[in-house]
Amino acid sequence: MQRIFFVFIKTAKFLRVDSIRKKFTIPSLLQLIITIGLIGFFLIQAGINSSQLIFKELQKQMLQQVRDQLSQRMETAEHLNQMHSDLMQHGILELESSVERERYFVSYIKSYPDVAMTFIGLPDGSFYGARRTIGGEIQVVRNNSTTKGASWYYRIASAGEGVELVDQFPNFDPRIRPWYTKAVEVGAPVFSSVYSHFVFREPTITASHPVYDQNHQLIGVFGVDYLLSWLGDTLGSLPIGPSGQVFVTDNTGMLIATSFDSPSYKVVEGVSQLIPAKESDSALVQASLNLHENEYDKRLPRFTIDGKKYFVAMSSYQEHGVNWNVYVISAEDDFLGGVKQAVINTAIILAASLLISVFLMFWIGLRVTKPIVALSKAADELTRGRLMHIPENGREDEIGVLTRAFNEMGLRLTNIVVHLEEEVATRTQELKERNEELRTFNELRETFIDADSSFVFLKDEYLKYVFVNKALKEFFQLSYDDIIGHDDFELAEEAFAKMCTNADLDILDQHRLITTTTTWNNRFFRTTKFPVRMLNNTFGVGAYITDITEEYELERSRERILETLAYERNKYLQTLMSIGDGVMVIDRNENIEILNMVACRLTGWQLDEAIGINYKEVFNLSHEQKGFTVDDPIEKVFLTSKIHELGNHAILTSKNGTKYHLEDSAAPIMDDKGSLAGVVLVFRDVTEKKEQRKKIEYMSFHDSLTGLYNRRFFEEELRRIDTESNLPISIIMGDVNSLKLTNDIFGHAFGDILLERITEVMQGACRSDDIIARWGGDEFVLLLPRTSSEEAERIAGRIKKDVSEQRIRAVKGSISLGYDTKTHPTEDIVRVLSSAEAKMYTTKSLERDDTLSHELENLINAFFEKSKQEEEHAIRVSRLCQKLGKALNLSKSSIQMLMEAGRLHDIGKIALEPGLLKKGHHLSTKEWNEINQHPVIGYRILNSFDNTLELAEAVLSHHENWDGSGYPKGRENPAARSYHIDC
């Protein structure tokens, strides 16, 4: 302290003295202060700017890494749905088989560990798929008519099919779920909003994909529940420092994922819900959200919490139909702490240096000017970024101290700058290595493409070349720079350019691969062109063009050789043409040599088309059942040189797709040396015989009218299904009440229609695996495996209701039903069948009176509704009969019967076409014959009911005359004397 006080006293005295030393010292001191100040300012500012640029680039890289991960995972979900859709539209994925369906969904969910569930919802409300539980177990779901609208989850076997029911969710209808309705509304793949998964309690997003048939009718909607837990892991792996945080929100402000340990959901009334980001426990998250949108337009948005500065960057992710925001928060001390400390050290050093310089400057005049000049020069070099060491020469005075201090300050500043330069150099080197990898990849690609002698190129949407291979460059005889960015009209003559451009435009119009053969300058080229999606999302044209002139000339040479053999071949051909079976001759190269006319008809190939072609292209054999193969007799002859015959299940598919069942045999053709020279195949079409056999087999198990199974098949199925695994087994027997009445009134053709209608009703009420059979003429039987008595009662009620809604002309459908159920393995299934039949006959007997009453009433009402004129005529005749009965002093019961006969005497006209009743007497002979049948029809109708039996004879005879000139009998009839009244 005494030394410092002494220096200040000396300084004050020095300033009061006007001397050369003062004049020299003060300007030098000012120069030194300004120099050190500028050096410190620029170095500190450069350090801060460099650090902020590096920090900004780190934030940008972290945001891009999150975006890349999001895009990759979203594409995974879309890709999985697209695979499902393609497999269904090509018929590979079929939902009818529960085993194959469940194995399919299980195989895919096993391949995608981040998929919580993959499924499909159908327009009929069915729902199928597979899910992953929170414990990692994979289960399958079924939701259809069997589950009554509930989703049943099953534990799976090793192969993937459901075997044990473990969970149920009632009243689940996929058609009202947001993922289903949104996909149907948009008509394209969509993503749902983020929600908290009800099983995993994690943020989840659902990708939906509607599937349509060729008529644009909806087949179903595929969906994938994709857990976003991986996003939190991705955010946590980012290099954000120990105090930094990264989080993602959706467009509604809900928190989707964070890099820190924070709950992503909350439970409200037993339901898990996403947490709004503003309700997060993290002060950093709330501070980031409270920043105004304009703050994010700045270079480095920042805020301060507890005296600690944080930088924040935000980027929007708007792809695949989602709108999310990604926030990256970094603590200044985590990334800039070292730089900040270096700046502070620099400032301290500069301040110390400046202080030392001030104190020492007063002693500069005491020393020679050489050290001052050296120091000034060194300071000047330091401002230029170059460190110049000042020799100390062992001095211990102020000049030596200042020299050492200046050297130390310059060294420290240089080290700070070098450190920053090394950091920048490291980043630059990494970028250079990435560019070198990309350059190496491009060189490899060009090497592979240039190694091909074919012409390979890519054009943009304006048909300008984007790249060409070496072969095409040499064809144009131009450099790459002269070709790239130019079109054919700029590079070649007009005719060639038009030919190329027209082919390119066809690709852009049709958006498909096209292969053609073209000719140019007496050379032949095979051109393969295809559309290519460019980086700007437009389509360009890619192509491979191969010179096939030599190949073409070889083909022409082969054709000339074949012409020389035409005479010999024609002799064989004429002989074979007269054979009634198909004949094919194959040479030793397995190419077709001869086909006769029968073989041409069966294969669909003309002789000139088939010659020289491998026989397998023409003789397309397959097994009549999918999944089986058939031995190739020609191939066997080539292997064994022996005669071979075809199996019984071979199918020949002709060129036009027609299929024939074949019988054939193949024999070897030996040359004069005993070597195999070819094969001759003789085959015949046995399709008609095969189809006739199938028809006979079908008719042996089916009813010819309804197409249902017959009694013989039912009895065999009854024995097959009678197993414990199918319990409970229900049987429903039905007897059609109105069939005889329909046949009697309208004929058996309408009775057949009634049976067909009832068949449709039963098929609509039953499941696909239920057995429906026609038991007898008007009896049906239903075999329902795994169906309880309550379910059987419900099915019977539905059938009875739907049958009652059927109407054949004036006859309303009616059926009597009985059912019984086998519930124990020891019960006799035949007894159950007999019980169901007995219950049916009991029901029929109990309902008989009501059924007949309703049928008669329906017939009368239908007839009078059909013609008001006939109704008035019937009333008038009934009244005349009443008067006649009174005049004859008949009893009241006889008069009543006579009146009823008069009212119903024309009931048989109900079977006539409505137009006949309106034509009056202007009828043809055929029409009169139809009219004259109405007494007979009326007789049959009234004979069908107990309370009208006494009226039947009167109605039959009401057009008979005393002299036998009436109809329908046309002979004298005593009954006519009682009931014939002219009205």
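**View 1. Phenylalanine 455 and its bridge partner in strand 21.** Phenylalanine 455 has isoleucine 545 in strand 21 as its bridge partner. Strand 17 (residues 455-459) and strand 21 (residues 539-547) run antiparallel and are joined by five bridges. Strands (E, at least two residues) and helices (H or I, at least four residues) are DSSP runs, numbered from the N terminus; two strands pair if DSSP finds at least two bridges between them. The model is predicted, so that local features need pLDDT of at least 70 and side-chain atom pairs count only at pLDDT 80 or more, while totals for chains, interfaces and linings use all residues. Residues are numbered from 1 along each chain as its sequence is written, and side-chain values use heavy atoms, with hydrogens and water left out.

**View 2. The hairpin of strand 20 and strand 21.** Strand 20 (residues 523-533) is antiparallel to strand 21, and nine bridges join them. Within this pairing, phenylalanine 525 stands opposite aspartate 547 in strand 21. Five residues lie between the two strands of the hairpin, and asparagine 537 in the turn has a positive phi of about 70 degrees.

View 3. Most residues other than glycine have a negative phi, and most peptide bonds are trans. Asparagine 521, in the loop between strand 19 (514-520) and strand 20, has a phi near 55 degrees. Asparagine 521 is exposed because its relative accessible area is 60%; exposed means over 50%, buried under 20%, and partly exposed in between (1.4 Å probe, protein chains only). Serine 641 has a phi near 60 degrees and is placed in the loop between helix 19 (633-640) and strand 25 (644-645). With 33% relative accessibility, serine 641 counts as partly exposed. The peptide bond from leucine 727 to proline 728 is cis, with omega near -10 degrees. Proline 728 belongs to the loop between helix 21 (711-721) and strand 29 (729-736).

View 4. Four bridges connect strand 30 with strand 31 (residues 779-784), an antiparallel pair. In this pair, isoleucine 772 stands opposite leucine 782 in strand 31.

View 5. Histidine 79 is located in helix 2 (residues 20-89) and counts as partly exposed, at 43% relative accessibility. Its C-alpha atom is separated by 9.9 Å from that of alanine 207, which is 128 residues apart along the chain. Leucine 38 also has its place in helix 2, and its relative accessibility of 45% makes this residue partly exposed.
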